[in-house]
Amino acid sequence: MSRKVYFDHDNRGPSTSVYRPPIAMGRQRKFRDHPRGGKSLMHTADGDVEMAATTYSPPERRFNPYAPRHQSSRKKYKKQGGTKAKYSHNHNQQDRDGFSWYKITIPHGKKSGKSFILKSLQSLCETPFVPVNFQFNGNAAEFYVSDRNAADQIKLANRRITTPDGFKLITMTSRCTAPVVSIDAEAEDAIKNCMSSRYDAMSHNLSLAKFHNDPSMKSLGLYVPLNKPLVLSTIVKIIKEHIPEIEILDLADNRLYSLEAFSSMVSTCKQLKSIILKNNKLRSVAELNYLKGLEIVDLVLDGNPLCDDFKDKNSYISAVRDRFPKLVNLDGHNLPAPIGFDLGPETFPVSKKSFFAADDVKDLVIQFLDQYYTIYDSGDRSKLLDAYHDQANFSLCLSKHSHKSNGGSLALYNLDNRNLLKVVDYSERFKLLKQGKLAIVTTLSQLPQTMHDPTSFSVDIFHISPGLMCFSVIGVFKEVGADINNATLKTFSRTYVVVATPGHGFVITNETLFIAHASQEQQAKAFKVPAPTPSPSPAPPSTEEKSATEKQMLVIELSKQTGMNVDFSTKCLEENDWDFQKSVAVFLKFQSEGKLPPEAFIAM
């Protein structure tokens with residue numbers, strides 16, 4: 001008889017294997033083997049500050065082909081005795097708030113009343129319990145407890161209590177989610193009183209740590225966890241209304257998932273410098289964006305899941321400091337001083353209207369400008385020939401968007417406009433560059449007649465050396481003509497490069513002129529204080545008697561620039577000793593004061 005060989009597993013003999021219950025799948029926690037708790041990267045096992053992060057690797061399991069297969073936790077199994085039982089771990093599950101909540105329902109409990117029900121149950125239960133949100137729903141009484149042992153003992157009290165009317169008290173216990181939070185006026189007053197007892201007025205410190213476990217709230221049967229948006233918004237409202245001067249806020253151990261409710265405190269609680277968020281459920285560092293704007297110097301985030309998102313300490317500190325640049329203490333550890341460029345508002349120098357290197361240079365530049373603009377505004381600019389070098393260069397530039405302004409036209413200047421953003425052709429650029437003093441003065445003479453306001457001048461000398469000086473002048477002018485009162489104001493910026501020449505003083509070798517429409521601020525201040533062009537010292541009065549022809553030319557020019565008729569122009573010059581600049585200054589003064597009669601502008 002041939003021997004039969006069994007290649008399969010032979011289980012004909014008595015079984016010696018030990019029963020292994022199946023592994024419950026159910027609702028598994030994510031990253032089951034990962035160490036939980038959001039340990040801050042600022043700590044190590046021995047309490048030292050860790051300089052580099054370590055990567056956690058879960059232990060590997062060797063494949064076992066004979067291990068029991070994973071089965072659903074809902075599947076029924078047979079016990080060894082033959083009876084069926086449901087395997088489930090739901091009884092040990094905790095809700096999002098970390099509690100195991102149980103709802104207690106007592107049918108027809110309204111007849112017995114709240115006081116009788118609670119006193120009777122407390123007398124039978126060995127474990128004290130706190131009834132949360134006790135209420136009557138129709139004829140039934142309902143409340144919640146978060147203690148499993150208390151819930152089991154209440155369940156065992158079913159039909160063991162006799163009501164005043166002789167019936168047995170029925171108690172029904174069922175597992176449930178956290179009770180719905182509602183805050184009325186009475187609950188808000190209770191929260192205020194609780195916060196008042198937790199606030200230190202001397203140090204402006206408000207401690208809300210483990211607020212859901214506060215004994216005063218439990219004694220009132222109120223369940224007000226801070227991770228509920230309604231509760232948190234109520235807390236923030238009370239802080240803003242009653243203690244906006246708060247400096248330290250402790251929110252540790254409150255299972256907070258979001259900080260959005262605190263965003264409204266940024267504009268109110270400017271004194272808040274320290275926030276403790278230890279042992280919460282903040283999963284992203286982006287939650288700190290809701291607190292941006294507060295000058296936080298001390299912050300505790302240890303114990304939050306967001307601490308696990310960073311590979312090393314430096315990236316952790318950098319991410320937090322992006323939100324709070326002035327942070328000096330993180331998770332109880334002092335941080336290195338931040339590198340920044342915050343100089344503060346008082347470190348900037350006071351802005352000055354003009355800059356002169358020295359007093360003697362100031363006198364020289366003011367004298368130059370006095371002579372230059374006196375001739376420039378006189379109507380005969382040919383006298384400026386002596387102010388320019390034989391090989392001098394000049395260019396005129398207008399604002400790029402000057403055509404979009406409503407403050408008047410710059411079309412009269414557009415033919416000589418050498419704005420490099422508009423003129424791209426090199427030959428055209430070379431053509432618009434005026435070379436030689438004759439070409440320069442000819443171009444200046446073709447520009448509209450002007451009147452400059454010396455009080456608007458701002459002079460900056462940016463280079464000075466023996467025989468060479470560079471400076472710029474910014475100011476306001478207006479074109480003069482038949483209607484000087486309605487002339488459009490314009491602003492200018494002229495940059496001069498001047499050199500010293502033997503026997504001729506300084507001459508201009510390079511000049512750029514920029515013209516644009518005056519701003520509203522410039523228009524409001526221009527020509528308000530009549531004064532001649534500043535000079536280093538008062539010029540001596542001219543002893544040379546002007547000829548009749550020269551006087552007639554001055555009368556015509558003054559009448560042209562001011563709009564006054566010949567008689568009033570003559571009278572103005574006579575009273576000012578035929579000093580043209582002084583006459584113009586007096587005219588501006590009288591005009592600003594409204595002292596000029598209408599007949600001064602009527603042609604005779």
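This is a predicted model: local features need pLDDT of at least 70, side-chain atom pairs count only at pLDDT 80 or more; totals for chains, interfaces and linings use all residues.
**Stop 1**

Show the side chains. Glu-521 and Lys-525 form a salt bridge, with 3.3 Å between the closest N and O atoms. Glu-521 and Lys-525 are both exposed.

**Stop 1: a pair across the chain**

Next, select Lys-326 and Glu-295. Their side chains also meet in a salt bridge, at 3.6 Å from N to O. This pair links distant parts of the chain, 31 residues apart. Lys-326 sits in the loop between H7 and strand E12 (329–330). Glu-295 sits in the loop between E10 and E11. Lys-326 has a relative accessible area of 42%, so it counts as partly exposed. Glu-295 is partly exposed because its relative accessibility is 40%.

Salt bridges with shared partners join Lys-273, Glu-295 and Lys-326 into one network.

**Stop 2: a buried charged pair**

Move to Asp-214 and Arg-198. Are these two buried or exposed? Both are buried. They form a salt bridge, and their closest N and O atoms are 2.9 Å apart. Asp-214 is in the loop between strand E8 (205–207) and helix H5 (215–219). Arg-198 is in the loop between helix H4 (185–197) and strand E7 (199–200). The two are 16 residues apart, and the pair links distant parts of the chain. Across the model, the count comes to ten salt bridges.

**Stop 3: Asn-304 and Leu-282**

Now select Asn-304. Find it in the loop between strand E11 (298–300) and helix H7 (313–323). What does its side chain reach? It reaches the backbone nitrogen of Leu-282, at 3.1 Å.

Leu-282 is in the loop between strand E10 (274–276) and E11. In sequence, Leu-282 and Asn-304 are 22 residues apart; in space, their C-alpha atoms are 5.4 Å apart. Asn-304 has 0% relative accessibility, so it counts as buried. Leu-282 is also at 0%, and therefore buried.

Show the surroundings of Leu-282. Leaving aside neighbours within four places in sequence, its contacts include Leu-256, Tyr-257, Ser-258 and Leu-259. Glu-287 is another contact of Leu-282, as are Pro-305 and Leu-306.

**Stop 4: a four-stranded sheet**

Switch to cartoon view. Find the open sheet of four strands, ordered E4-E5-E3-E6, with antiparallel pairing. At the edges are strand E4 (132–137) and strand E6 (172–176), each pairing on one side only. From one strand to the next, the twist averages 20°.

Zoom in on E3 (residues 101–106) and E5 (residues 140–145). Five bridges join these antiparallel strands. Which residue in E5 is the bridge partner of Ile-104? Select Phe-143 to see that partner.

**Last stop: the cysteines**

Finally, select Cys-176 and Cys-397. Cys-176 is buried because its relative accessibility is 18%, under the 20% cut-off. Cys-397 has a relative accessible area of 23%, so it counts as partly exposed. A disulfide is a covalent bond between the sulfur atoms of two cysteines. How many disulfides does a search of the whole structure find? The search finds zero.

Terms used. Residues are numbered from 1 along each chain as its sequence is written. Side-chain values use heavy atoms; hydrogens and water are left out. Buried means under 20% relative accessible area, exposed over 50%, partly exposed in between (1.4 Å probe, protein chains only). A polar contact is a pair of N or O atoms within 3.5 Å; within protein, one must be able to donate a hydrogen and the other to accept it, and residues adjacent in sequence count only if both atoms are side-chain atoms. Contact means heavy atoms within 4.5 Å. A disulfide is a pair of cysteine sulfur atoms within 2.5 Å. A salt bridge is a side-chain nitrogen of Lys or Arg within 4 Å of a carboxyl oxygen of Asp or Glu. Two strands pair if DSSP finds at least two bridges between them. Axes are lines fitted to C-alpha atoms, for helices over the stretch in contact, and angles run from 0 to 180 degrees between N-to-C directions.
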